[in-house]
Each structure stands twice: as structure tokens, then as C-alpha cells.
Amino acid sequence: MKYTYPKIELHLHLDGSIRPETVWELYQKEGLVADGVDYETFTRDAAVLEPCLDVNDCLTKFDLPLKIMQDREYIVRITKELVCDLAEQGVVHGEIRFAPQLHTQKGLSQKEVIEAVIEGKEEGLKLHPEISIGLILCCMSIGLETVNKEENLETVRLCKEYLGKGVNALDLAGAEGIVPLRNFHYIFDLARELELPFTCHGGDSQDHETVKDAMDFGSLRIGHGHAVYEAPELCERAIKNDITFEICPTSNIRCQSRESYAAHPVKKLLDMGIRVTINTDNMTIFDVTLDDEYDRCLEDMGFTEDDILKMLVYSAEAAFLPAEEKAKLVEKVKAYKK
Ligand SMILES: [Zn+2]
């Protein structure tokens with residue numbers, strides 16, 4: 001169903017949300033489509049429509065979009081299209097995240113990647129001035145915490161350089177459970193020193209220890225983090241410290257970190273007083289929009305419309321925006337009448 005809520009998307013990956021027709025067009029242009037593959041097979045293979053093994057298995061799906069996101073003009077176009085798509089879906093504030101270090105295979109620097117995404121965002125905003133868009137730079141977990149330490153620290157420093165000039169915050173994304181999350185503390189030690197706003201992926205396919213690690217980093221927002229449900233003491237800590245959880249129900253089910261929509265603990269977390277929000281993670285890879293997520297919330301997960309509006313207020317209050325803009329966003333959500 002199409003909802004008229006003032007929608008907010010806090011957790012959305014750029015490389016997982018490219019228009020399928022754009023990936024197809026650019027793959028054809030670059031001569032990357034294998035013989036005999038048609039549009040339908042191509043787009044079906046590019047998505048995770050049935051539950052896959054786990055989060056790390058699901059991550060292999062990003063190889064396909066990333067292959068063409070190595071050219072400046074493509075990155076600009078893809079970002080612009082995503083801004084337009086969000087605006088057309090009635091999103092009033094969206095935060096798009098990407099890892100600059102994953103777009104340097106053909107010689108772009110992390111800085112050039114960030115500038116391309118900012119340019120795409122601005123082009124999209126020219127067509128849709130009614131939406132606000134934030135950008136989050138992701139550091140990556142790709143194996144041992146030492147293998148890309150330099151690249152990660154470069155991302156943190158660039159976040160500082162572009163903060164308030166197109167970039168809003170920092171994140172850590174990628175493979176889970178290869179090493180303990182706490183091993184990546186060097187990213188957040190520097191982020192705190194530079195006074196950067198940040199979020200951190202944790203507590204998705206890994207247990208609540210990773211939620212604790214993210215909290216210990218000082219993260220006031222946690223990407224996924226639903227494993228907090230299994231640790232009452234961390235639930236208390238989350239309530240006490242006003243920590244916001246960026247929950248992506250469909251992603252959690254397709255990656256098999258939760259069994260079903262009905263078994264997802266997000267409604268229980270909300271009722272406990274925890275600040276949970278609803279997001280899509282990857283619109284193309286999971287073939288899902290916020291409207292689809294709200295359908296599942298209302299039909300399968302026990303939420304009421306008032307719950308959804310309450311979570312949208314939490315989203316607005318946790319947005320990575322300057323205080324004045326954030327206050328306006330909160331006001332806009334609170335003013336919504338069913
Ligand atoms: Zn994510």
C-alpha cells in the first residue's frame with residue numbers, strides 16, 4: 001500500500017539500491033552481460049528474493065552493482081536516481097550510505113568518490129527540493145581489522161573534511177563475525193577525537209556482544225542491533241542512553257538473522273521503550289520499499305499506525321542533521337494527521 005506518512009529512511013546502502021534498469025543498461029554498455037542472459041534473469045540473480053545463508057552470503061550480491069560503480073559519471077547518475085526515487089516514494093528525509101574505498105578499483109580516490117556522490121545528491125535535490133538527504137560514509141570490515149586499516153582511517157579523516165559540506169556521519173559496515181567487532185575500535189577512537197557523528201552495524205547475524213561493542217564505541221545509533229533483545233541489561237542501557245536502532249525487517253529475514261516477520265522482536269523492543277526505527281537497508285537487493293516494510297509491520301508484526309508514527313518521530317530525532325533542521329523534521333512528523 002502507498003502510505004502518506006512523512007517517511008524517513010535512516011539505513012540505506014547506495015550500492016544496494018540502484019535502479020535495476022540502470023544496472024542492466026550500464027552492464028550492457030560496458031559489455032559485461034554474459035551471453036544468453038536476459039533482463040529478467042539478470043535482475044532476478046542480482047537480488048536476494050529468498051532467504052540466503054547469512055549476512056556474509058548476502059554481501060556477495062554487492063559485487064554486481066559495485067562492478068559498474070567505479071566510474072565517476074555512473075556514481076553521479078546512480079546517486080541522483082536514488083534521491084529521485086526516495087522523493088517519489090514520499091520520503092521526506094533519507095540518509096544514504098556508501099563505502100568510498102569500494103569504488104576505487106579503476107583509479108578513483110576515496111575523495112573523488114565522495115565528491116561524485118555529493119554531486120549526484122545535489123543534482124537529485126535540484127529536481128526534488130522537497131526532500132532532505134544525508135550522506136553517511138562507511139568504513140568496511142572485510143576480514144582482519146588490520147587489512148584495510150589505512151583505507152578505513154582515510155574514510156574517517158575524509159568524513160571530518162566533508163562534514164557539513166555534503167557528508168553527515170560515519171559508519172562501519174561489511175562482513176560480520178570474522179573478528180570481534182571491538183577490534184575495529186581504532187575507527188571510533190579517531191571518530192570521537194574528531195567529534196564525528198556516527199552509527200555502527202552490529203547485532204544482526206552476530207549476537208548481542210556486538211551490540212555491546214557498538215555501545216562501547218559510543219554509538220548512539222546502531223545499524224540493525226536487534227540482537228539487543230536477547231540481553232536485558234543492554235536493553236536497559238539502550239533506554240538509559242537513548243540509543244536508536246536502525247531496524248531493517250526484510251533484510252533481517254532474507255539474511256536469516258530472524259526467522260520470520262512475526263518472530264522479529266522489533267515490536268517488543270518498541271513496547272519496552274527502546275527507540276527502534278524501520279528502514280529498508282537495500283531497496284534493489286531486497287526488492288523492497290518503505291511502503292512494503294510498513295505493510296509487513298501492520299499485517300505481520302503487530303504494529304499499529306500509531307506505532308509507525310512514533311517510530312518516525314524516533315527516526316527524525318536520530319537523524320544526522322544540524323539541530324535546527326532536525327527540529328523542523330521532528331515538527332513535520334509530529335504534525336502529521338492520519
Ligand atoms: Zn546495512
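## Close-up views of a predicted model

**View 1. Buried residues of helix H6 (110–127).** In H6, Val113, Ile114, Ala116, Val117, Gly120, Lys121 and Gly124 are buried (20 or more other C-beta atoms lie within 10 Å of a residue's own; exposed means 12 or fewer, partly exposed means in between, and C-beta atoms are placed from the backbone). They cover an arc of only 160 degrees around the axis, which puts them on the same side of H6; the arc is that of the directions from the helix axis to the C-beta atoms. An α-helix has 3.6 residues a turn, so residues three or four places apart point the same way. The cover over the buried residues of H6 includes helix H5 (72–88), strand S2 (91–98), S3 and H7. H6 has 18 residues and reaches 26 Å from its first C-alpha to its last, close to the 26 Å expected at 1.5 Å a residue (the expected span is 1.5 Å times one less than the number of residues). Helices (H or I, at least four residues) and strands (E, at least two) are DSSP runs, numbered from the N terminus.

The model is predicted: local features need pLDDT of at least 70, side-chain atom pairs count only at pLDDT 80 or more, and totals for chains, interfaces and linings use all residues. Residues are numbered from 1 along each chain as its sequence is written.

View 2. At 1.5 Å a residue, the 14 residues of H7 should span 20 Å, and the end C-alpha atoms are 20 Å apart, which agrees.

View 3. Tyr162 is found in helix H7. Tyr162 counts as partly exposed, because it has 18 C-beta neighbours inside 10 Å. Leaving out residues up to four places away in sequence, Tyr162 touches Ile114 and Val167 (two residues are in contact if their C-beta atoms, placed from the backbone, lie within 7 Å). From C-alpha to C-alpha, Tyr162 and Arg237 are 32 Å apart in space, and they are 75 residues apart in sequence. Just after H7, Gly164 takes a positive phi of about 80 degrees.

**View 4. Strands S5 (residues 199–202) and S6 (residues 221–224).** S5 is covered on both faces, with Thr199 and His201 on one side and Cys200 and Gly202 on the other, all buried. S5 and S6 run parallel and are joined by four bridges (strands pair if DSSP finds at least two bridges between them). Cys200 has Ile222 in S6 as its bridge partner. From S5 the chain crosses through helix H9 (residues 208–217) to S6, and this β-α-β crossover is right-handed; that is, with the strands pointing away from the viewer, the path from the first strand over the helix to the second runs clockwise.

View 5. S6 and S7 run parallel, joined by three bridges, and the bridge partner of Gly223 in S7 is Glu246. S6, H10 and S7 form a right-handed β-α-β unit. S7 is also joined to S8 by four bridges, and these strands run parallel. In S8, Glu246 has Thr277 as its bridge partner.

View 6. Asp242 is not a glycine, yet it has a positive phi of about 55 degrees. Asp287 is partly exposed, with 18 other C-beta atoms within 10 Å.
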